[in-house]
Amino acid sequence: GQVGFGKALPKVQYALSQCTLGKCLVAENSNGICAVFLANRDDQLLEELSAVYPHAQLGAESKAFADRVDKVVSHLDNPNESFPLPVDLCGTGFQKQVWQALQ
């Protein structure tokens with residue numbers, strides 16, 4: 001889609017999965033993982049995603065994307081493991097500093 005003066009919307013793809021914490025949704029854009037949501041139901045996850053990324057698309061059935069989603073789920077299940085994927089942090093400057101300190 002287009003936004004503004006010919007600017008393309010960033011492509012965001014997502015996948016629904018399951019982890020020990022419940023249902024989860026993993027989204028990524030060209031910069032990395034941009035969202036991880038947890039909820040009891042898929043419709044709650046999709047509602048959260050559409051509030052942040054209204055133009056997100058269900059991820060293609062690619063092995064590479066499925067592997068990245070599996071790595072996120074593995075990290076949710078075992079948070080002491082390192083997180084080997086790039087992330088696209090969005091927020092205020094202060095929020096980004098806090099998130100980077102926590103990595």
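**Exercise 1.** In this predicted model, determine how the side chains of Arg68 and Glu28 meet, and state which parts of the chain the pair links.

Solution. Begin with the contact itself: a nitrogen of Arg68 and an oxygen of Glu28 lie 2.7 Å apart, and because the cut-off is 4 Å, the pair counts as a salt bridge. Next, locate the partners: Arg68 belongs to helix H2 (residues 63-77), whereas Glu28 belongs to strand S4 (residues 22-29), so that the pair links distant parts of the chain, 40 residues apart. Finally, consider accessibility: Arg68 is partly exposed at 26% relative accessibility, while Glu28, at 8%, is buried.

**Exercise 2.** Describe the salt bridge between Asp67 and Lys63, and classify each partner as buried, partly exposed or exposed.

Solution. The closest N and O atoms of Asp67 and Lys63 are 2.8 Å apart. Both residues lie in helix H2, where a separation of four residues corresponds to about one turn of the helix. Asp67 has a relative accessibility of 29% and is therefore partly exposed, whereas Lys63, at 62%, lies over the 50% limit and is therefore exposed.

**Exercise 3.** Which residue forms a salt bridge with Asp43, and how far apart are the closest N and O atoms?

Solution. The partner of Asp43 is Arg41, with the closest N and O atoms 2.9 Å apart. Turning to accessibility, Arg41 is partly exposed at 44%, and Asp43 is likewise partly exposed, at 41%.

Definitions and conventions
Residues numbered from 1 in each chain as written. Predicted model: local features only at pLDDT ≥ 70, side-chain atom pairs only at ≥ 80, totals over all residues. Heavy atoms only, no water. Helix = DSSP H or I, 4+ residues; strand = E, 2+ residues; numbered from the N terminus. Buried < 20%, exposed > 50% of the residue type's maximum accessible area, 1.4 Å probe, protein only.
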